[in-house]
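Subject: Structure handover

Hi,

Here is the structure for you to look over. My notes follow below it.

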Amino acid sequence: MWLPIMGLIIGAIIGLLTDIRIPAEYSNYLSIAILAALDTLFGGIRAQLQNIYDEKVFVSGFFFNIVLAASLAFLGVHLGVDLYLAAVFAFGVRLFQNIAVIRRILLTKWSTSSEK
Amino acid sequence: MFSGTTSNGLMESKVRVLGRPSNLSFSMIAAIIGLMVAIQFQTVREPVVRDTRDTWQLREDLMKEKEFQSKLLLEIRSNEEKIAKYETERQQSKEEVLRETLAELKTEAGLTEVTGPGLTLSIVPAFNLVVEGGNPPSVSPDMLKRLLNELNMYGAKQVSVDGERVINTTVIRDINRVTKINGHSLNRFPIEIKVIVENSQVAEKLYNRMKVSSVAEDFFIDNLEVKVNRPESQLAVPAYQDTIRIRHMESVKTDKGGGNG
């Protein structure tokens, strides 16, 4: 439980300390990639809680989703259509669904453990 | 642990076998996400805290700004100089105009020596008509006035009689039977009258007119002869020597300005 959170904190600290910056025109891609990554992360957590977790699916989904979201945004920029909104919408909806599922599972587990 | 607590021990061990490497990949991916978020955060936040210049860049920028400032100051100074120059020019020009006006007025009043084309007339006694023992001939004021009027009529600009400049206030009168002009006695012959006119053509015309003028005949009655000399291209008429007395005139009082006229 703590290791992923530690990883998140360490990653954030490294990112802040190294002072890495990407050009402002690419920040759109990064934001969509972050959204995809979060979606994958929460999907992974949900899968773990539902005991249907597969590491290959998780890792490949993580990178694939990021690349797909970024390329969708890229395509949208070049077509003049805000395609990244589609990715934002899809990932956002999935994110909320995943979090809702995680919440329900956790609630169920908490109630069953408290009943004991 | 994401595996949670399950009562089934076998299940728990299975999940744990699955969960251990998943924890690692979870952590890795969480770290990547953290990195991405941090980068994005910094990138997005960049416009707010956009001053990332180091000392050298700041120095350079400061230098640039200072150069710009000095350029502006230079411009301001040059403009101010221009303004000052114009101001002085204006003042000087005013003064210049005043000086010019003064000079013009002086010239007009006859306080300066004037040179120009003109001719001279000499009044000499007609010796062949002078009677022995008689009164010496003298120029009567009326005759002289008439002569001067005649000269003025024919375009004389500046006239001097026997070295005395004839101006507007010149008086020609008889004092104790001696004809005087500006207080100068006209009792020595020849009396030379210098006349300056506009140009040589007018001088020529004046010469011709004086040649045939009746004034010469009138002078003849007084046993005097008027000799009209050929026009000269350069003739000098002396300045009026006394100060012009103005008795019934007052200068207009103004706030400022030179009252040196």
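Among contacts in chain B between residues at least 6 apart in sequence, what percentage join residues at least 24 apart? The figure is 77%. Two residues are in contact if their C-beta atoms, placed from the backbone, lie within 7 Å. In chain A, residues 24 or more positions apart account for 67% of the contacts with a separation of 6 or more.

Some ground rules before the rest. This is a predicted model: local features need pLDDT of at least 70, side-chain atom pairs count only at pLDDT 80 or more, and totals for chains, interfaces and linings use all residues. Residues are numbered from 1 along each chain as its sequence is written, while chains are lettered from A and ligands numbered from 1 in the order in which they are written.

The two chains

Chain A has four helices and zero strands. Helices (H or I, at least four residues) and strands (E, at least two) are DSSP runs, numbered from the N terminus. Chain B has five helices and nine strands. From the N terminus, its elements run α-α-β-α-β-β-β-β-β-β-α-α-β-β.

Of the 116 residues of chain A, 32% are buried. In chain B, buried residues make up 23% of 261. A residue is buried if 20 or more other C-beta atoms lie within 10 Å of its own, exposed if 12 or fewer, and partly exposed in between; C-beta atoms are placed from the backbone.

Where the chains meet

Contacts link 37 residues of chain A with 29 residues of chain B. On the chain A side, α1 (2-18), α2, α3 and α4 (84-115) each supply at least two residues. That side divides into 25 nonpolar, nine polar and three charged residues. Ala, Val, Leu, Ile, Met, Phe, Trp, Tyr, Cys and Pro count as nonpolar, Asp, Glu, Lys and Arg as charged, and the others, Gly among them, as polar.

Inside chain A

α3(A) and α4(A) pack at an angle of about 150°, with their axes 7 Å apart. Axes are lines fitted to C-alpha atoms, for helices over the stretch in contact, and angles run from 0 to 180 degrees between N-to-C directions. Ala69(A), Leu72(A), Ala73(A) and Gly76(A) of α3(A) meet Tyr84(A), Ala86(A), Ala87(A) and Phe91(A) of α4(A). The residues of this contact are seven nonpolar, one polar and no charged.

Asp54(A) sits in the loop between α2 (27-49) and α3 (55-79) of chain A. Asp54(A) is partly exposed, with 14 other C-beta atoms within 10 Å. From Asp54(A) to Gly44(A) is 10 residues in sequence and 8.3 Å in space, C-alpha to C-alpha.

Inside chain B

Helix α4(B) covers residues 200-211. Its buried residues are Ala203(B), Leu206(B) and Met210(B). Seen down the axis of α4(B), they fall within an arc of 60°, so they line one face of the helix. The arc is that of the directions from the helix axis to the C-beta atoms. Their cover includes β1 (114-125), β2 (156-161), β7 (191-197) and β8 (224-228) of chain B. The face turned away from the buried side of α4(B) carries the exposed residues Gln201(B) and Lys211(B).

Strands β4 (residues 172-175) and β5 (residues 178-181) of chain B pair in the antiparallel sense over four bridges. Strands pair if DSSP finds at least two bridges between them. Arg173(B) has Lys180(B) in β5(B) as its bridge partner. β4(B) and β5(B) form a hairpin with two residues between them. In the turn, Asn176(B) has a positive phi of about 50°.

Best wishes

Definitions and conventions. Expected span 1.5 Å × (residues − 1).
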